[in-house]
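The chain is shown first.

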Amino acid sequence: MKDLKWATLGTGIIANQLAQALEARGQKIYSVANRTHSKGIEFAEKYGIEKVYDNIDDVFDDENVDIIYISTPHNTHIEYLRRALKAGKHVLCEKSITLNSDELDEAIELARENNLILAEAMTIFHMPIYKELNKIIESGSLGKLRLIQMNFGSFKEYDMTNRFFNRNLAGGALLDIGVYALSFVRWFMTSKPNEILSQVKYAETGVDEQASILLKNDEEEMATVILSLHAKQPKRATISFEKGYVEMYEYPRGQEAVITYVVDDSKEIIKAGDTEKALQYEVADMEEAVAGIENNMHLDYTKDVMDIMTQLRNDWGMVYPEEEK
C-alpha cells in the first residue's frame, strides 16, 4: 500500500492523538496547518514534522498531501471540507462533521464528484469491540433487537465563553456528545430511526445543555438517549435483544462488553481491541479506504446521524449564526 501523507488542520488534543497514532504505526504526520502559525511550529517541533504552512490555506494546494485530518471547531468544518475536497484531498473530519444535513450533503457530493474518501472520525465505527459484537448479533444467538438505552453526561462549569456553551462555536450537547450516542444507536439498529421525539433544556447562551431523545425505526426497534453538559453520567449503553442484553461502559472507545443471556442468566464477557489504540484503528480503516482495499468508514451512518440531529434542532428551533443567513 502506498505511503500516504497526512496533514493535520488544527493542533488540539485530537491532532496530538493523531500524531501519536501515526507514530505507533511507524508513520509521521507530513504537514501542519493552523490559524495561529506559532502553534503550528510548536506542534511540528514536538512530533518532528517536516512542514508547517505559513498560511492555513496552503495545505489545500500542497500536491504531496493525500489525507487531511480536520480537527477545528464544528462551525469551521464545511468551509475547510469544501476547499479540501475541491483540491482533491481525502478527508477525515472530527465529529460533528458538519452543522447540518445540507452542509453534509454538499460535502458528500463534492467527494463523489472528485472520487474521494470523506469520513467522520467516529471512534465507534472503528473500535474492534463493535465489529465483534456485530458478528455475535448476526449469528442470531441473541435474537432480534428490541431496545437501546444510552447515557452520556459531562459536567462542564458554567463558563459561557467556552466552546461547550458558546453558540458562536457551535456549542451544545447534541453536536458535542450526542453525536457519539446517536452513532452508537445507528450502528446497532437495523435501519435509520424515522420516528423521533425529544425534550431540550437550554443553557443561557441558547445552546442545548441537556436533552432526552426517543427513537424508533421501521422494524420497531426503539432507543432512548439522555444527554447533559452539566450533569455527570456514566457512559453506559444497554442493548436489549429477545434472548439477552449487552452492557457497555465508556462506549465511545470501549474495549469490553458483557452479554447476559436471559434463559439461564449466564454472562459472557467480550473483549476486543484496546482503548489506547482508538486513533490507530481510525487511521488504518481510512488508509484502507483511500487505497481502495475496503471502505469501512460508514459515511452512510454519519449521514443518518446528521439527519437525526438536524431534525432534532429543527424541532427545537435552535440554529447557529451560520444557519441564519
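## Strands around β10

Strand β9 (residues 208–216) runs antiparallel to β10, and seven bridges join the two. Strands here are DSSP E runs of at least two residues, helices are H or I runs of at least four, and both are numbered from the N terminus; two strands pair if DSSP finds at least two bridges between them. S212 has I226 as its bridge partner in β10. The two strands β9 and β10 form a hairpin with five residues between them, and E220 in the turn has a positive phi of about 65 degrees.

β10 (residues 222–228) also pairs with β7 (residues 145–155), in the parallel sense, over seven bridges. There, N151 stands opposite I226.

This is a predicted model, in which local features need pLDDT of at least 70 and side-chain atom pairs count only at pLDDT 80 or more, while totals for chains, interfaces and linings use all residues. Residues are numbered from 1 along each chain as its sequence is written, and side-chain values use heavy atoms, with hydrogens and water left out.

## Nonpolar cores

A nonpolar core is a set of buried Ala, Val, Leu, Ile, Met, Phe, Trp, Tyr and Cys residues joined through side-chain atoms within 4.5 Å; buried means under 20% relative accessible area (1.4 Å probe, protein chains only). The largest core has 88 residues, of which Y130, I148, F184 and Y251 touch the most other members. Helix α7 (residues 173–188) gives the largest share of this core, 12 residues. Apart from it lies another core of 26 residues, including I14 and A289.

Technical notes:
Buried < 20%, exposed > 50% of the residue type's maximum accessible area, 1.4 Å probe, protein only.
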